[in-house]
Amino acid sequence: MRALIVSDIHSNLEALEAVITDAEGRGGFDVIWCLGDSVGYGPDPAACLDLLQSYPLVAVAGNHDRAALDLRESADFNSAAAFSANWTAQQLEEDHRGFLAGLPEVTTAGPFTLVHGSLRAPLREYLLNEEAAASTFGRLTTSYCLVGHSHLPFLCLENRDGPRFVQFSEDEVFDLDERRQIANPGSVGQPRDYDPRPSYAIYVGDGVESSGSLERHRVEYARTVTQEKMRIAGLPRNLIDRLNHGV
């Protein structure tokens with residue numbers, strides 16, 4: 001079994017297409033596991049949802065997905081994010097809204113639990129420190145957990161002396177074993193680790209046992225095409241510019 005793991009696509013169709021093409025060239029995949037925030041920020045929310053749903057898909061909700069359905073959910077967004085949430089809501093057809101409304105906050109796929117933020121606060125918490133990781137490990141009922149939300153790729157291992165964050169290096173194979181792990185594949189549509197290239201992961205395993213491997217990859221995409229679409233749509237300039245820098 002091969003699963004393509006994506007997160008934080010944020011309506012960036014060119015980035016999503018590039019990731020799918022790259023993954024297909026690396027052996028393909030049987031299913032997409034999406035960790036939330038498929039929409040928001042970018043110019044193609046409907047097209048991204050259509051493309052995701054054209055493949056076998058397991059997905060969870062992100063905070064921007066919820067905000068596209070109910071603008072009250074964007075109350076804590078900055079002005080640019082709130083503007084894009086309102087714009088995104090106007091681009092969705094009823095079937096897209098139905099898909100987003102049906103997304104769970106937490107789900108499982110094989111030996112993995114999928115959640116956008118953390119198991120303590122599925123839509124809101126940025127899992128970026130040992131305390132947050134320990135909280136999620138304490139709630140975890142599967143062998144491994146996949147998270148997004150921070151747009152920062154990492155692996156976090158459960159140890160006797162507490163969680164340990166390690167680098168989820170590009171193009172390396174990380175073997176999975178009986179030790180529980182949390183993994184973040186990084187962002188497809190809006191990376192924030194100072195590398196503007198989309199980041200994603202591949203799981204290879206039998207889909208049942210606590211074994212297999214994870215790999216993380218990056219790919220170039222037609223960034224200027226996405227940025228021009230955003231300009232035409234009138235989306236905030238800082239959201240356009242940040243795609244150049246991966247911040």
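**Exercise 1. The open sheet.** What is the order of the six strands in the open sheet?

Before you start, note that this is a predicted model, in which local features need pLDDT of at least 70, side-chain atom pairs count only at pLDDT 80 or more, and totals for chains, interfaces and linings use all residues. Residues are numbered from 1 along each chain as its sequence is written, and side-chain values use heavy atoms, with hydrogens and water left out.

*Solution.* 
- Step 1: Find the strands. Helices (H or I, at least four residues) and strands (E, at least two) are DSSP runs, numbered from the N terminus.
- Step 2: Look for pairs. Two strands pair if DSSP finds at least two bridges between them. The order is S3-S2-S1-S11-S12-S9, and the pairing is mixed.
- Step 3: Check the edges. S3 (57–59) and S9 (173–176) each have a single partner strand, so one side of each lacks a neighbour in the sheet.
- Step 4: Zoom in on one pair. S1 (residues 2–6) and S11 (residues 199–204) run antiparallel and are joined by four bridges. Ile 5 has Ala 201 in S11 as its bridge partner.

**Exercise 2. Aromatic pairs.** Work out how the rings of Phe 29 and Tyr 55, and those of Trp 33 and Tyr 203, are arranged.

*Solution.* 
- Step 1: Recall the cut-offs. Rings of Phe, Tyr and Trp (its six-membered ring) pair if their centres lie within 6.5 Å; planes under 30 degrees apart count as stacked, over 60 as edge-to-face and the rest as tilted. The whole structure holds seven aromatic pairs.
- Step 2: Take Phe 29 and Tyr 55. Their ring centres are 5.4 Å apart with planes at 50 degrees, so this pair is tilted. Phe 29 sits in the loop between H1 (13–25) and S2 (31–34), and Tyr 55 in the loop between H2 (45–53) and S3, 26 residues apart.
- Step 3: Buried means under 20% relative accessible area, exposed over 50%, and partly exposed in between (1.4 Å probe, protein chains only). Phe 29 is buried at 16%, while Tyr 55 is partly exposed at 23%.
- Step 4: Turn to Trp 33 and Tyr 203. With centres 5.5 Å apart and planes at 20 degrees, the pair is stacked. Trp 33 in S2 and Tyr 203 in S11 are 170 residues apart.
- Step 5: Trp 33 is buried at 1% relative accessibility, and Tyr 203 is buried at 0%. Together with Phe 112 and Tyr 144, they form one aromatic cluster.

**Exercise 3. Two helices.** Describe how H1 and H2 pack.

*Solution.* 
- Step 1: Two packed helices are described by the angle between their axes and the distance between the axes.
- Step 2: Axes are lines fitted to C-alpha atoms, for helices over the stretch in contact, and angles run from 0 to 180 degrees between N-to-C directions. For H1 and H2 the angle is about 20 degrees, and the axes are 9 Å apart.
- Step 3: Angles under 35 degrees count as roughly parallel, over 145 as roughly antiparallel, 65 to 115 as roughly perpendicular and the rest as oblique. H1 and H2 are therefore roughly parallel.
- Step 4: List contacts (heavy atoms within 4.5 Å). Leu 13, Leu 16, Glu 17 and Ile 20 of H1 meet Ala 47, Cys 48, Leu 51 and Leu 52 of H2.
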